[in-house]
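Start with the sequence and the model below.

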Amino acid sequence: MSDDFSYELIATCAETGARRGRFHTPHGPVDTPAFMPVGTKATVKGITPDVLEVIGSQMVLANTYHLHLRPGEDVVSELGGLHRFMGWNGPILTDSGGFQVFSLKHLTKVTEHGAVLRSVVDGDPVLLNPESVIDIERALGADVIMAFDHCPSDPTNRAEVEAATGRTHRWLDRCVEHFRSQDSPHGPQALFGICQGGAFEDLRRRSVDAVVAHDLPGYAIGGVSVGEDRESVRSAVAAAAPHLPADKPRYLMGVGTPQDFFLAVSEGVDLFDCVTPTRHGRNHQAYTPIGRINLRNQRWARDGAPLDGDCDCPVCQRFSRAYIRHLCTTGEMLAGVLLSIHNVRYFHRMMERMRAAIEGGTFVALREEILGAIQRTTA
């Protein structure tokens with residue numbers, strides 16, 4: 001790993017593969033396990049950068065495909081790169097657009113050269129391939145940039161998964177070559193490779209071997225939580241994560257429920273991202289110790305308690321469930337803002353508790369406490 005990026009292992013759980021670490025980047029360290037809020041279009045929806053910092057966000061995401069469409073990487077670069085553009089001084093990771101190849105498959109044609117997508121803005125064709133993605137991500141200037149991968153649409157279709165996994169490896173070869181042939185205009189960057197393999201343990205292991213061969217600063221597990229059940233997610237993570245290098249950060253892409261966090265951290269995963277907390281916030285749902293609650297329900301109309309009495313977020317310190325329900329039922333935009341802030345803080349608090357538990361030797365007990373409470377309230 002380069003001098004600009006390094007992973008420090010601080011503690012491990014004696015009973016599981018859980019790791020407490022610290023990922024060092026040019027824009028500051030990230031204590032792991034960590035959740036990274038998603039700021040697809042260079043903004044975490046409903047939350048300003050200063051509030052993100054207050055509630056414990058360390059690193060955020062942005063998306064290559066969407067920023068390429070609007071405002072364009074040339075505009076972002078001209079204005080100083082993503083950090084200056086979005087007013088966020090901490091580390092940033094950019095997704096490569098590979099997930100859009102999966103999620104917009106009805107608008108996409110994939111060939112060995114790359115993928116042609118239809119723009120969600122105007123319908124025009126957009127070519128993404130390993131070289132163009134690296135060029136875009138270089139111009140955007142995030143600390144960590146993801147290689148362009150092919151996420152299969154059906155993780156249980158072996159023929160499709162095998163073809164997509166092989167293509168991911170060949171695209172990674174091209175990404176690495178192109179990345180190493182140029183410099184970023186906005187400072188040091190780390191290229192992470194992505195392991196695929198669907199629901200097949202042997203393909204996951206094969207992908208780990210192929211991706212790790214490039215000796216990159218970090219690695220991601222992709223193609224997970226794309227419609228399969230939780231046991232399939234667990235099997236895919238277990239087949240990949242423990243076999244990734246112990247001295248590099250491990251990132252599970254697009255996973256965002258407490259159950260999945262504990263599952264993956266137990267296998268040694270360090271980094272997570274998902275739109276879950278802000279999307280649920282905009283849909284008037286809050287994460288609490290009694291489960292996920294819908295603030296539009298009548299039962300909260302006269303409830304003067306905070307969303308979570310143990311939560312230290314600015315929302316729980318100031319507002320009642322009744323007030324937030326009033327905002328929800330009257331269509332006030334503040335409702336989604338407050339619930340998004342609380343939900344992101346809920347995820348960060350969970351990660352903070354995990355880090356402390358791994359260091360203190362109580363990770364398994366914490367896992368049983370939190371997942372047990374969730375099971376009791378959702379049964």
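## Glu369 and Arg353

Glu369 has a relative accessible area of 44%, so it is partly exposed. The model is predicted. Glu369 pairs with Arg353 in a salt bridge, and their closest N and O atoms lie 3.0 Å apart. The pair links distant parts of the chain. Glu369 sits in helix α14 (residues 363-378), Arg353 in helix α13 (residues 334-360), and 16 residues separate them. Arg353 counts as partly exposed too, at 37% relative accessibility.

## Glu162 and Arg206

A salt bridge joins Glu162 to Arg206, with 3.2 Å between the closest N and O atoms. This pair also links distant parts of the chain: helix α7 (residues 158-180) holds Glu162, and helix α8 (residues 201-212) holds Arg206, 44 residues apart. Glu162 is partly exposed at 35% relative accessibility. Arg206 is partly exposed at 43%.

Glu8 forms a salt bridge with Arg22, the closest N and O atoms being 3.7 Å apart. Glu8 belongs to strand β1 (residues 6-12) and Arg22 to strand β2 (residues 19-25), so the bridge ties together parts 14 residues apart in sequence. Relative accessibility is 33% for Glu8, which counts as partly exposed. Arg22, at 22%, counts as partly exposed; the cut-off for buried is under 20%.

Both residues belong to a network of salt bridges that links Glu8, Arg20, Arg22, Asp31 and Glu359.

## Overall count

The structure holds 19 salt bridges. Opposite charges on side chains can pair when the charged atoms come close.

Note on methods: Residues numbered from 1 in each chain as written. Predicted model: local features only at pLDDT ≥ 70, side-chain atom pairs only at ≥ 80, totals over all residues. Heavy atoms only, no water. Salt bridge = Lys/Arg side-chain N within 4 Å of Asp/Glu carboxyl O. Helix = DSSP H or I, 4+ residues; strand = E, 2+ residues; numbered from the N terminus. Buried < 20%, exposed > 50% of the residue type's maximum accessible area, 1.4 Å probe, protein only.
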